[in-house]
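Please examine the sequence and the structure shown below.

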Amino acid sequence: MPALAPTTTTSTAPRLKHTGVACAHCGLPVPAGLIERSTDGELSGEQFCCHGCKTARELISSCGLDGYYRLLNSGGDRAPEMSPAAGLAYAEMDTPAYAALYCRPAPGSLVYTEFLLDTAHCAACVWLVEKLGRVVPGVTSARLDLSRSLVHVVFDPQRVSLSTIARSLATLGYPPRPPRSGSGTGESERRAEDRRQLVRIGVAGACAGNIMLLFIALYAGMFQGMDAAHVALLRWSSTIISAVCILWPGWVFIRSALTAIRLRAMHIDIPIALGLVLGLGWGLYNTIVGTGEIYFDSISAFVFFLLVGRFVQHRRQRAAAESIEALFSRTASNARVVRADGRVEVVPVEGVSVGDEVEVLSEQSAPVDAVLLSELGRFDQSVLTGESRAVHVALGESVPAGSVNVGGPVRLRATATGENTRIARLMRTVAEAAARRGRTAQLADIWAARLLAGLLVLALITLAVWWPTSPHNAVQNAIALLVVVCPCGLGLAMPLCTTVALGRAARRGMLIKGADALEHLASARRPVVFLDKTGTITAGRLSLVRFAGDRSLAGPAARAEETTNHPIARALARDLVCEHASRMDSAGETAAEWSVRVPNVRTEPSRGLFASFKPTPAAPALELVIGTRALVESKGVSIPASLIDQALAGEREALTPVFIAACLATESAQPRVALALLGDPIADDARASVDALKARGFRVGMLSGDRPGVAAAVASRLGLDDDLVHAGLLPEDKASLVEAWKTRGPVIMVGDGVNDASALAHATVGIAVHAGAEASLAAADIALTRPGLGPIVELVDGSRRLMNTVRLTIAVSLAYNAVAAALCVAGQISPLAAAIIMPASSLSVLALALRTRAFRIASLRTGRTPANPTGSLA
Amino acid sequence: MTVLFVMIPATFVLAALAVWAFTGAVRSGQFDDLDTPGVRIIAEDDQSHD
C-alpha cells in the first residue's frame, strides 16, 4: 500500500477535502464521494481517485509488475496523473499513411517506431515502459530515452497493432504521441552528424593525449639531454599523430575557413585554421630537417578543446530546440473522414484529400481548409485572427484549417490540404524569412577579425626585426606567433558562456534556440518590443475576473455550468470551483460536495440556464437560475442595485456580466443573488513588466488582431505608446509592420498564435510565450514555458549579463594572447611556454563562464518540489 | 631505452585498434543516450530478464 503522498494542488484542480485516503495508484487523496466502504464502514479494497488510476493498477498487477510501486516509493516519485487522453482509440496509427511517416522496418520482419511520452520522468517509468513486452504480447523491445522522452518500440505487426500498443501505454499512464511531423530522414541525418562529431572528439582527444605524453618526454630531454635517435623517434611519432589529428578531426576548421574565405566573410575559424595548418606544415618541415621547434602538442590540444566547446554548445542549443518541439500541440494530428458509405474513418491529417467530407467534433480543430456542409457552424478562429469571439459560419462558407469548432459537430468538404492550406502557406513565409536571416556576425567573429589583422601585422614586424640577425629564427618566430597566439580562448569563450547560460535559462523555463538571439537582446540600440494581445498580454480565454454577492452560490453554479458546453459555461465551471471551493454554503457544504450532485438542467440558448438540485429526496429542491439580467428577473428575482451597478461598471471594462440567483423551493425562501464578471484578464505582471522594459531602454508597443476598442483599452492599462499600438491586424499586416520598424532599429516580437508566426520570423528576435501555437514556437528564437510577461524582463537581464561575461572572457583570453605574442616577437617563446599558456587561458575562460551571473538562480529555493520536479513556476 | 623503438610503434597499433573500436561503438548508437542507462541500472532489480 503506497504511503500517503503530500497533498498537492495544481492551478486547475480543485482543492479536495483531505479525506486521509490515498489512491492506490497515484497516491493523491481520494475525493470523499469516491471512497468505497463496506457495510460496516471500513474501507473495502483498494481505493482510487479516478477510473484511470483503477484501470492502470489492474493492468500493472495483472502483468505482475507491482515492482513499479516499490520503485516509485524508493525514488520519491509519483505515478503520472491520468489524463483524458487515456480514452483515445489511436485508430489513426494503424493506417498506411501513419506507417509511412513514423515506422521503419526492423530485422526479422518486425517494425520499429518511436513515441513521445510526455509523462515519463523517473526510474520507475523507465522500468515500467521497458517492460511493455509483458503488458502487450507482440512487442519485442521497448527502450526509453528519458532525457528526450522518447520510447523506441520494436514489435511484430502480425501479432499486435500500433493502436493496441498506444492504448496500453495510455492505460498505464503514458499517453503516446508521434515524435515529430514527418520525422524520418531529418532525424537520422541529425543522429549521423552527432555521431560523426563524437568520433572526431574521441580521435582528437586520443591524439592530443598521446602527443602530450610524447612531449613530456621531449621536454624532459630538453633539460636533461637525450640522444638524437630518441629525439628523432619522438618527433616523428608526434608528427604522424599530429597529422592525423589536424587532417581528420581538425579538418572541419579548415573546411569552414575555406568556405568563409570563398564567401569573403570573416569567421573565427580562419585564424584557427591558419594556426593549425602552419603549425603542422612548419613542424613537419622541422622534423624532416631535424632542427627547430615543433608545436604539435599545442595545436592538437586546440583541436580537441575547440571541438568539445562547439559540441557542448551545439547540443545545448539542440536540446532547447527539441524542448520547444515537444511543446507542440498535444493531440495527434488526425482527421475524421466520412467515406461514401457513411462510415467515419480516422486517418492522419496527411491522408485527407481535396473533396473529402470531413467531420469535425466539438472542441476539435478543422484539419484542412474546407467549406461548411452543415447548416450552421461556430468556430473560434483566434489561431489565425487573434480574436477570441466565435465566428458564425453559414452553409457554403469557408473554414480555414486550424479553426476550432465551438459548436456542435459539423461536416465540411475539404478544399485545400497539407501544403496548400492557409496555415501552411503562412508557415512557408515563416521558413523563408528565417532562411533569409542567415547567420549574423557574432561578437567572437568580430574579435577574431581584429586578432587576425593584428597577428599578420605583428608577424611581418617579427620577420622584419629578426631577419637581419637570422632568417631562420625570423621565420620560426613569425610562425610561432601565428600558431601559439591561436585564438583558442576566443573560440571557447562564446560556446562555454552560452552553454552555461542557455542551460540555466532552460531550467527557468526559457528555451533559447541560439545564442545570437541573446546577443541581439543585449546589445540592441533603441529597441522596440511589440506584444501580441490575445494570449500574450491576456490569458487568451474567457475567465472569471470578479465575483460579487453571495459566495455560497459558487458551488451549485459551477456544477450546473459543467453540464453545458458554452465558453461562458466552461469558464464559470472552471473558475468558480477554483476560487470558492473551500467556502461553505449555508448548509455547511463545500463546492466539492456539490460536484458529485446531479442537477436537472434546462438551457435557454444565448440567455442562460435553469437548474434544480435535490440533495436528498426528502429535502426541498434548490432552484438555480444563471444568465442575463433579463432571464434572472423573469423568474421574479429582484437584483440588488449594488450588483447592477457593478455589472454596468464591468461592461464599461468590456467584461460580460452573468447573474446567479438561487432559492430553496419552499414558500418563504428568500433568493440569494450573486454576480460573476467574465473577461479575458490581463496577466498580473503585465504592467510591471512593461514598466521594467521601459526602464531598460525599450519602447513597448502592441500588435493585435482584435477590435481597436478592446486593444486601446488594454494598451492604456499598460501604458504603451500610442504610435506603437496597432489593432485589427491580419497576420500579414503584423509581419509588414515588423519589417517597417526594423529599418529604424532592432524589433523584438512577442506572440503566441499562428497569426503571430510570420511577425515572429521577421523580427530581429522572436519570442513565443507560454502555451503558444506550434507555428509560433517553430518561428520564434525563444520559447517561454512560464506564463506572464515577467520572463521577458528576465531574458533581457540575463542576456545583458551573458554578454558582459562573454566580453570579459574575450578580454582575458586576449590578454593571454598578448603575453604569448610579446614572447614570440621577443624570440623567447618555446613549445613549453606555449603548452602552459594555452591551457591556462582555456581554464580561465571556463572558470569565468561557469561563474557568469546570467540567468543565475538567486537562492537555493528554486521552486522544486516532488510534485514539480522541474521547478517550473507554472 | 632502445625498447622505445618497439613500444612506440606498438602503441600506434593499439591506438588504431582503440579508435576503430570507439568509432564502431559510436556508429552503432551506444553513445546516443548517456542519461537513461544510469537510471535503468537503479531500476534493474527484479529477477526475470526479458
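At what angle do helix H24 and helix H29 of chain A pack, and how far apart are their axes? The structure considered here is a predicted model. Two packed helices are described by the angle between their axes and the distance between the axes. For H24 (residues 686–695) and H29 (residues 790–825) of chain A, the angle is about 25° and the axes lie 8 Å apart. Angles under 35 degrees count as roughly parallel, and therefore H24(A) is roughly parallel to H29(A). The crossing of H24(A) and H29(A) is left-handed. On the side of H24(A), the contact is made by Ser689(A), Ala692(A) and Leu693(A), while H29(A) contributes Gly790(A), Ile792(A), Val793(A) and Val796(A). Five residues of this contact are nonpolar and two are polar, with no charged residue.

H29(A) also packs against H16(A), at an angle of about 155° and with the axes 9 Å apart. Angles over 145 degrees count as roughly antiparallel, so H16(A) is roughly antiparallel to H29(A). The crossing of H16(A) and H29(A) is right-handed. In this contact, residues of H16(A) including Gly489(A), Ala493(A) and Cys497(A) meet residues of H29(A), among them Leu802(A), Thr805(A) and Thr809(A). By class, the contact of H16(A) with H29(A) has eight nonpolar and five polar residues, and no charged ones.

The model has four cavities of 30 Å³ or more. The second largest cavity has a volume of about 70 Å³. Its lining consists of 13 residues, and Val484(A), Cys486(A), Asn817(A), Met838(A) and Ser841(A) lie nearest the centre of the cavity. Helices H16 (488–507), H29 and H30 (831–850) of chain A each give two or more residues to this lining. The lining of the second largest cavity divides into nine nonpolar and four polar residues, with no charged residue.

An open space may be considered next. The second largest pocket holds about 620 Å³ of space. Which elements each supply at least two residues of its lining? They are helices H7 (185–224) and H8 (228–247) of chain A, together with helix H1 (4–27) of chain B. H7(A) gives the most to the lining of this pocket, with ten residues. The pocket is lined by 27 residues, of which Asn210(A), Leu214(A), Ile241(A), Ile8(B) and Thr11(B) lie nearest its centre. By class, the lining of the second largest pocket has 20 nonpolar residues, six polar residues and one charged residue.

Terms used: Residues numbered from 1 in each chain as written. Chains lettered and ligands numbered in written order. Predicted model: local features only at pLDDT ≥ 70, side-chain atom pairs only at ≥ 80, totals over all residues. Heavy atoms only, no water. Axes fitted to C-alpha atoms, helices over the stretch in contact; angles between N-to-C directions. Helix = DSSP H or I, 4+ residues; strand = E, 2+ residues; numbered from the N terminus. Parallel < 35°, antiparallel > 145°, perpendicular 65-115°, else oblique. Left-handed = near helix turned anticlockwise from the far one by under 90°. Contact = heavy atoms within 4.5 Å. Nonpolar A, V, L, I, M, F, W, Y, C, P; charged D, E, K, R; others polar. 1 Å grid on protein atoms, 1.4 Å probe; cavity = no way out; pocket = protein on both sides within 12 Å on 5 of 7 lines; lining within 4 Å. Points joined across faces, edges and corners; volume = space filled by probe spheres on them.
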